[in-house]
Amino acid sequence: VQHGNTGDLQLMTYDAAGTVFRSWFFNAHGMALGPSVGRWDKATRTITWTNLPEAGIVGIKTLRFVDADTVIWDIVLRDKGGATLYEGSGNMTRTGEKIEIDETIAAGPLPPQMAVLERIVGDWQTSAVIKNAKNPEGFKASWRSHSRRIFGGRAITTTRTGYPGDDDSYSLATFNAITKAFARWSFRADGSVMEYGGLWDEKTETLKWHWSGKDGSQSSNTWPLRD
C-alpha cells in the first residue's frame, strides 16, 4: 500500500497445521510486526486478525468480504493498558486500473545500516555444495534469485527459484526499527516462515543470520559480502 511519501506491506498466508491465517506487517519506517493470527467467520464472511503485544502495541483488524469486489476493513491499535493509539476503517473496491507502486519513494533518511543490505540488490546465479541430513556427503546445486528495493530502500526483498528439493521462496530483510537489529523473514511456498536475526561484522564484512525453532531446531546463514 502506498499513501503519500510512505507505504506498508502485509504478507498473509494460511497455516494448515494450525488451521489459522497468519500475517506480517512491514512499513517504510522500518517497523516489522507479526505474526498476527487470523480466524475466519463463515457466517459474517469476516477474518479477524489479532496479535500479541509487540513494541507495546496490541492490534485488532477485521476484513469483511461483502462481495467479490468489495472489502470493508477496520483496525484498532491499543497500548498494553488498553488506551486507543489508532482507530480507522475503510472500503476497498476492486478496480480494473493498473495500480503502480513507486518503490523509490522513501519515508525519510535511511539508517546507515541499510547500506549493508544494499549490497545484495540485483540478479544472482548461485552455485553451491549442499550437505543435509538426507545427503551428508553433499551435492552440487544451483538456483537463481532476484533482490530489489522496496520503501525507497528501507527493505530488500528477494525471490528465489530453482532451489533443489525445496519450494520457491520470498524473503524480506531490513534493519528493524523496533529491535534496532538486522532481521530477515523467509516465506516458503509450503506456508512455512522462518524469522532470522542478523549480526554485522564490519571487520570481516560478514553478515551472520540465526533462526531458532520452537522444537529446538536451528538454522544459521553466513554471508561474506566482500565485493
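## A charge over two rings

In this predicted model, the charged end of Arg184 sits over the ring of Trp209, 5.1 Å from the ring centre. Arg184 also lies over the face of Tyr196, and here the distance to the ring centre is 4.4 Å. If you find Arg184 in the structure, look for Tyr196 and Trp209 beside its charged end.

Is Trp209 buried or exposed? Its relative accessibility is 2%, so Trp209 counts as buried; the cut-off for that word is under 20%.

## Rings that pair up

Let's stay with Trp209 for a moment. A pair of aromatic rings is described by the distance of the centres and the angle of the planes. The structure holds seven aromatic pairs. One of them joins Trp209 and Trp223 in an edge-to-face arrangement, with 5.4 Å from centre to centre and 65° between the planes. This pair links distant parts of the chain: Trp209 belongs to strand β15 (residues 206-212) and Trp223 to strand β16 (residues 218-224), with the two residues 14 apart. While Trp209 is buried, Trp223 has a relative accessible area of 22% and is therefore partly exposed.

Which residues do ring pairs link into a cluster? They are Tyr14, Phe21 and Trp49.

Now for the charged side chains. How many salt bridges does the structure hold? There are five, and three of them are worth a visit here.

Begin with Arg22, whose side chain meets that of Asp15 in a salt bridge, at 2.9 Å from N to O. With 23% relative accessibility, Arg22 is partly exposed.

Next, find Glu118 and Arg149, whose side chains form a salt bridge at 2.5 Å, again N to O. Glu118 lies in the loop between α1 (114-117) and β9 (122-130), whereas Arg149 is in strand β10 (residues 139-150), so this pair ties together parts that are 31 residues apart in sequence.

The last stop is the salt bridge between Glu100 and Lys98, where the closest N and O atoms are 3.6 Å apart.

The cut-off for calling a residue exposed is over 50%.

Conventions. Residues numbered from 1 in each chain as written. Predicted model: local features only at pLDDT ≥ 70, side-chain atom pairs only at ≥ 80, totals over all residues. Heavy atoms only, no water. Salt bridge = Lys/Arg side-chain N within 4 Å of Asp/Glu carboxyl O. Buried < 20%, exposed > 50% of the residue type's maximum accessible area, 1.4 Å probe, protein only. Helix = DSSP H or I, 4+ residues; strand = E, 2+ residues; numbered from the N terminus. Phe/Tyr/Trp six-rings, centres within 6.5 Å; stacked < 30°, edge-to-face > 60°. Lys NZ or Arg CZ within 6 Å of the ring centre and 35° of its normal.
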